[in-house]
Amino acid sequence: MAGPGGDMQWCFSQVKGAIDDDVAEADIISTVEFNQTGELLATGDKGGRVVIFQQEVENKNQPQFRSEYNVYSTFQSHEPEFDYLKSLEIEEKINKIRWLPQKNAAQFLLSTNDKTIKLWKISERDRRPEGYNLKEEDGRYKDPNTITSLRVPVLMPMDLMVEASPRRVFANAHTYHINSVSVNSDNETYLSADDLRINLWHLEITDRSFNIVDIKPANMEELTEVITAAEFHPHQCNTFVYSSSKGTIRLCDMRAAALCDKHSKLFEEPEDPSNRSFFSEIISSISDVKFSHNGRYMMTRDYLSVKIWDLSMESRPVETYQVHEYLRSKLCSLYENDCIFDKFECCWNGNDSVVMTGSYNNFFRMFDRGHRRDVTLEASRENSKPMQVLKPRKVCAGGKRKKDEISVDSLDFNKKILHTAWHPQDNIIAVATTNNLYIFQDKVN
Amino acid sequence: MTLSKDTSMLGRGVKRKWSCLEELEAEGLPDAAEEKQQSASDESAESGDEAGLLPPRSDMSHLQQRQLVLGLCLEKLQRYQAGMELSLRRSVLLINTLRQIQEEMRSDGVGTCTSDVLLNGVHPDSCLLRDDFREEDMPVTCPGCAEGDAESLSPPLSPEFPSPEAAGDQQKPPPAATVSTFSDAVNAMGYLSDLALDDIFEDIDTSMYETSDLPSAWSAGSLWPVSVSLWPDEDVKMRPGSHSSAGSLQSCLTDLNELDHIMEILVKS
């Protein structure tokens, strides 16, 4: 963690993915998630695949070099489907991955596309039985007449094999596109949210779920707001929040009623009238909501800013950080090229002192809450030498451009960092560009 | 305080505005709002195109930006109707923006077809059209010509553009509101100007549409079928004809294009 008063520096560690600039659509990374220990890092892509990286438990003697992440398992989670009733294709793109806390030797994760959630078991096999009585080693059956003695099969070591198998498929519960999945602290239930509804599931039961939020109006013509993200409280198993396209967050208590349409708390910041424009509502739409690890705060990401809310204060956020305020004067152009609809995610570090989110031009931003510092860094192949320290970047909003600054109009809006993740216990971050995963770690002196 | 003889009475920018106005007054177009937009567009044209993003919009007049955003909104929504699926979130945000612009236009007192403020179209043709239609006999010929293709100007065109009144008024959409809503949006696209659109719609025979595959909400006269088609009630799996809603809208769009074509012919004749 950052030393008192010291500036934290970040170094390049690894990059995963194809090097060439020609990006295959299926390789576009759509979600990134560390597990609870940080040992495993999962990514989902547009092609419906999940790739899990594992941190090697070596080099503990070399404190300046943390272990690398290597591919642990790859599997096809979702396939494209066709809804014949509506003549619509269901994308196989993985929208979210959430790890379950580990209970035994195997690892479990939930992965979801627009319509179906799957529980995957990832298990290791490093032994296999040898010495069957009735079978040869290659599997052929022996002629029973040739057997003269009995023996007990013995488990022999083999090369490590990591198997992923789907244990549960939670289907047919969402009419609209699933945007969030969140595992409850009770480790028995989880929620899934689409544009208009939130469902509560039991991990063991796939043929039914409880609908706990439904904002669909009786008359679809009156629809003006959709659900954009939802998450369970990290400690209180009865509490969850969901955000909307109008910039509001509702906190609900499942003990109050079976259907949580009435929020317990409504978090909304009054609009600044001086900033009002045709795009005010679009940029206020919340793209991500995340509770802090300690459960006292939550963070929301809208188009231009990151806001930290104290759960005990609904009237306004306690902290607001501008991610790329220089884009405010360019909203019309960003509306034209659809960038204004991009959904950026955000994340907390392990002790809730720093928050991180992505931006354009492969930039990502970190805000140190305690020291009131922020930094802009870039994930690029140019800064990919081992342990190379990342140089802070600066965007010039207008006027004279200083050396090393980049002007707003030179930013590449096709290079966006939407997904980032922070190791729960260490200063290791995973940053996804379009089709590459960058892993950075802080410089340990 | 005396002014030196080199100093003009008016500042540089203001002087330009006045000179523009003087020129146009000579041509007989006393639209102050248009001048403001013209000088603004001249200024923005000078700033030039910068790599990556368009020129700064801060100097665009509010009306000009509104027009641009309105056009973009409709374009994006049309993209969906052309077959590309929009997420529900995006559709809702676009529709809300459209509603906001409509509200603003409405509160600006732009309820009728004849308002000049609407005609700050980005299309250079709009001025030309306006000049031509200033002739008194044009409204007579236009509806006549248009009526020949009356089927193109079918009711589905009018409900395509949202009206805030729609939510409350389900049973009988007031034709005036429908027409003004339509004309607001259509004028924004620069296709029509101060035509008597009421006359055009009066005699339209809608019987051929009542038997078509349009969703029931449409034939009920709902003014908000944009929502019906953009986010059809997906829970209703066996909604009759819902799968054809996209196709029906497609035909409405081609109808709009036909309308544009008609107007071009009228202008040239």
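Reader: How many bridges join strand 16 of chain A to strand 17, and do the two run parallel or antiparallel?

Author: In general, the strands of a sheet pair through backbone hydrogen bonds, either parallel or antiparallel. In this model, which is predicted, strand 16 of chain A and strand 17 (residues 239-244) of chain A are joined by five bridges and run antiparallel. Within that pairing, Glu231(A) stands opposite Val241(A), a residue of strand 17 of chain A.

Reader: Where in chain A do strands 20 and 21 pair, and which residue of strand 21 is the bridge partner of Lys290(A)?

Author: Strand 20 of chain A pairs with strand 21 (residues 297-301) of chain A in the antiparallel sense, over four bridges, and the bridge partner of Lys290(A) is Met299(A) in strand 21 of chain A. The hairpin formed by these two strands has five residues between them, and Gly295(A) takes a positive phi near 80° there.

Reader: Is Thr376(A) buried or exposed?

Author: Thr376(A), whose place is in strand 27 (residues 373-378) of chain A, has a relative accessibility of 11%, and because buried means under 20%, Thr376(A) counts as buried. Its side chain makes a polar contact with the side chain of Arg365(A), at 2.9 Å.

Reader: How much space lies in the second largest pocket, and which residues lie nearest its centre?

Author: Rolling a probe the size of a water molecule over the atoms shows where empty space is left. Here the second largest pocket holds about 820 Å³ of space, and among its 30 lining residues, Glu33(A), Gln36(A), Arg98(A), Glu231(A) and His293(A) lie nearest the centre. The elements of chain A that give two or more residues to this lining include strand 2 (29-34), strand 8 (96-99), strand 16 (227-232) and strand 20 (288-291).

Reader: What classes of residue make up the lining of the second largest pocket?

Author: By class, this lining has 13 nonpolar, eleven polar and six charged residues.

Notes
Residues numbered from 1 in each chain as written. Chains lettered and ligands numbered in written order. Predicted model: local features only at pLDDT ≥ 70, side-chain atom pairs only at ≥ 80, totals over all residues. Heavy atoms only, no water. 1 Å grid on protein atoms, 1.4 Å probe; cavity = no way out; pocket = protein on both sides within 12 Å on 5 of 7 lines; lining within 4 Å. Points joined across faces, edges and corners; volume = space filled by probe spheres on them. Nonpolar A, V, L, I, M, F, W, Y, C, P; charged D, E, K, R; others polar. Pairing = 2+ DSSP bridges. Buried < 20%, exposed > 50% of the residue type's maximum accessible area, 1.4 Å probe, protein only. Polar contact = N/O pair within 3.5 Å; in protein donor to acceptor, adjacent residues only side chain to side chain.
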